Amino acid sequence: MTIWEAVAVCVAGVGAGAINTIVGSGTLLTFPVLLAVGLPPVTANVSNALGLVPGSVSGAIGYRRELRGQRRRVMVLSSVAFVGALAGAALLVELPSSAFDMIVPALIGVALLLVLIQPWLARVARRRRERLGTTARPNGGPLLSTGLLFSSAYGGYFGAAQGIIYLALMGLLLDENLQRINAVKNILGALVNATAAVFFLFVAEFDWTAVLLIAGGSAVGGQFGAFVGRKLPPTALRAIIVTVGGAAIAQQLLR
């Protein structure tokens, strides 16, 4: 890797760390850059997964205020995400990279639609609970756990737009504001990346130069993303989610 290639990978890591913290989909920046500098797809994927872990942790730390009062929720959802991540990582070893090519754009598209209409759906659900005299389940119930299991499996397999899917599911099934949901999303993203990366340590080859460059860049980007993301009003945050999600769909269709 030349010095300029190393700079490009590090800069992509900064951008990915920031985007992952605010929305998710930082892989859309780092993965193409790793391919461009000559890494094979699977090596690029696993190196990217390990390199982005510090950025996810950094972003979660930046959102620690919004995590207050959500400890039990994080523990419950993290256990589901852990199982899904292991399954996804195993699938990466067994399946060709084309296995998800057709379903991913549709999956992201549905997630974006849910993010857009989530305020309306939340109001409908709240009125229904008031009419029935019930309360929202604090951890989202079986429906959220099932959705997170499958989205975490996708995250362990590849991960582009994984954060958007998390935001859509939790926004629909949890009675919380978008910033507090985003804080939980950062924890789950860090866990899934870390779980997949540890699994890959035993079964796949890494490019350690790429890992270190992305790790350093994403850690810086994670703090910047938390600083910016926590200041965004819900409407602006949704607009960014839709923009990044649209880019994710375009990239998947054009690959």
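**Entry 1: the whole chain**

I started with the surface: the chain exposes about 11800 Å², and carbon and sulfur atoms supply 69% of that area. A reminder to myself before going on: this is a predicted model. Next I looked up burial, and found that buried residues make up 52% of the 255 residues in the chain.

Then I turned to secondary structure. I counted 11 helices and 0 strands. Reading from the N terminus, I noted the order as α-α-α-α-α-α-α-α-α-α-α.

I also checked how far along the sequence the contacts reach. Taking contacts between residues at least 6 apart in sequence, I found that 83% join residues at least 24 apart.

**Entry 2**

For the helix pairs I kept two quantities in view, since two packed helices are described by the angle between their axes and the distance between the axes.

How do helix 1 and helix 2 pack? I read an angle of about 160° for this pair, with the axes 7 Å apart. Anything over 145 degrees counts as roughly antiparallel, so helix 1 and helix 2 are roughly antiparallel to each other. The crossing in which helix 1 passes helix 2 is left-handed.

I listed the residues that make this contact. Helix 1 brings Ala8, Val9, Ala12, Gly13, Gly15, Ala16, Ile19 and Asn20, while helix 2 brings Thr27, Leu29, Thr30, Val33 and Leu34. Sorted by class, the contact of helix 1 with helix 2 has 8 nonpolar, 5 polar and no charged residues.

I stayed with helix 1 and picked Thr21, which lies in it. Is Thr21 buried or exposed? Its relative accessible area is 2%, and buried means under 20%, so Thr21 is buried.

Which residues does Thr21 touch, not counting those up to four places away in sequence? My list reads Gly55, Gly59, Tyr63, Asn182, Lys185, Asn186, Gly222, Gly225 and Ala226. Two of these names, Gly55 and Gly59, came up again when I listed the buried residues of helix 4.

**Entry 2: helix 4 and its surroundings**

Helix 4 covers residues 53-62 and is mostly covered, with 7 of its 10 residues buried. I wrote these down as Val53, Gly55, Ser56, Ser58, Gly59, Ala60 and Gly62. What do they pack against? I found four partners: helix 1 (3-22), helix 3 (41-51), helix 9 (178-203) and helix 10 (208-229).

Val57 is also found in helix 4. Val57 has 40% relative accessibility and therefore counts as partly exposed. I looked up one distance for Val57 as well: its C-alpha atom is separated by 7.5 Å from that of Asn186, and the two residues are 129 residues apart along the chain.

I took helix 4 with helix 10 to begin. Their axes come within 7 Å and cross at roughly 20°. Angles under 35 degrees count as roughly parallel, so helix 4 and helix 10 are roughly parallel to each other. Helix 4 passes helix 10 in a right-handed crossing.

On the helix 4 side the contact is made by Pro54, Gly55, Ser58, Gly59, Ile61 and Gly62; on the helix 10 side I noted Ala215, Ser218, Ala219, Gly222, Gln223 and Ala226. The residues of this contact divide into 5 nonpolar, 7 polar and no charged.

Helix 3 and helix 10 were next. Their axes come within 8 Å and cross at roughly 35°, and the crossing is right-handed. Ser47, Asn48, Leu50 and Gly51 in helix 3 meet Trp208, Val211, Ile214, Ala215 and Ser218 in helix 10.

**Entry 3: a glycine in helix 7**

To finish, I went to Gly155, which lies in helix 7 (residues 141-157). Gly155 has 4% relative accessibility and so counts as buried. Where does Gly84 sit relative to Gly155? The pair is 71 residues apart in sequence and 8.1 Å apart in space, C-alpha to C-alpha. Leaving aside neighbours within four places in sequence, I found Gly155 in contact with Gln162 and Val192.

Notes
Residues are numbered from 1 along each chain as its sequence is written. This is a predicted model: local features need pLDDT of at least 70, side-chain atom pairs count only at pLDDT 80 or more; totals for chains, interfaces and linings use all residues. Side-chain values use heavy atoms; hydrogens and water are left out. Helices (H or I, at least four residues) and strands (E, at least two) are DSSP runs, numbered from the N terminus. Buried means under 20% relative accessible area, exposed over 50%, partly exposed in between (1.4 Å probe, protein chains only). Contact means heavy atoms within 4.5 Å. Accessible areas come from the Shrake-Rupley method with a 1.4 Å probe; for residues, only the protein chains shown count as cover. Axes are lines fitted to C-alpha atoms, for helices over the stretch in contact, and angles run from 0 to 180 degrees between N-to-C directions. Angles under 35 degrees count as roughly parallel, over 145 as roughly antiparallel, 65 to 115 as roughly perpendicular and the rest as oblique. A crossing is left-handed if the near helix is turned anticlockwise from the far one by less than a right angle, and right-handed if clockwise. Ala, Val, Leu, Ile, Met, Phe, Trp, Tyr, Cys and Pro count as nonpolar, Asp, Glu, Lys and Arg as charged, and the others, Gly among them, as polar.
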